[in-house]
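Load the model in your viewer and show it as a cartoon. The stops below say what to select next and what is there.

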Amino acid sequence: MKKFTYLFCLFILCSAFTCENEPLEGDFVTEDVNDPNNQANGSLVGTWTLVDMDADITTTTSFQGIDFSGAFTLELIDSDYTLVFDEDSYTVAGDYELTITSTFDGVSESYTDSYTNVTGGGNYSTNGNIMTVDGQFFDFELDGAPTDVASGEQTAEFQLSNGGQTLTFFQDETVTQNEAGFEATVATVSTSVWQKVE
């Protein structure tokens, strides 16, 4: 059951872009990406490199009268990973390394997971500060099993700051699923920060 809960949490993480909705420090410029006079869409177009990513995930699961709870923390420790936006499509490529700490029933375990030669892409659109993509920006695996079930249409809030040179995706989301007597609630607070490459 622990393994299923862990897989479910990573599924939710992948489908959530790994973003957070907490205030960030710094001077932010909010740009309306749909304003043709602003040229903010042009601000998204280009190459972005991943500079920071973290996620805190808590789970509560109930199955046949038995309750489980767990928590996960993911932190980026190394990255050579880029995200390239064209006018309406994107590609990702490169490597990144995460420290993952899982806690079940008060017992914590940490390990490092490396993802190399990751590639992907899809289409995207924006509406204000909401981006919709038809894929995912990150790949994750658990015990050698890919979690690519998270692909498909997804949305996330984003913010441009530092004169359009920093792109931050953020999310604070709680999802509950109930199926065949199995109920799981997953709360995700996460962030990914990208720096524009000149």
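Among contacts in the protein chain between residues at least 6 apart in sequence, what percentage join residues at least 24 apart? The value is 66%, where a contact means heavy atoms within 4.5 Å.

The model is predicted, so local features need pLDDT of at least 70 and side-chain atom pairs count only at pLDDT 80 or more, while totals for chains, interfaces and linings use all residues. Residues are numbered from 1 along each chain as its sequence is written, and side-chain values use heavy atoms, with hydrogens and water left out.

Select the whole protein chain. Two helices and ten strands are assigned; these are DSSP runs, H or I of at least four residues for helices and E of at least two for strands, numbered from the N terminus. Starting at the N terminus, the order is α-α-β-β-β-β-β-β-β-β-β-β. Of the 198 residues, 41% are buried, meaning under 20% relative accessible area with a 1.4 Å probe, protein chains only. The accessible surface is about 9900 Å², and carbon and sulfur atoms hold 45% of that area; the areas come from the Shrake-Rupley method with a 1.4 Å probe.

Next, select residues 46-63, strand β1, together with residues 66-85, strand β2. They run antiparallel and are joined by 14 bridges; strands count as paired if DSSP finds at least two bridges between them. Pick Thr58 and find Ala71 of β2 opposite. Then move to Gln64 in the hairpin of β1 and β2, where two residues lie between the strands. Gln64 has a positive phi near 50°.

Select Trp48 to find its bridge partner in β10, Lys196.

Definitions and conventions: Buried means under 20% relative accessible area, exposed over 50%, partly exposed in between (1.4 Å probe, protein chains only).
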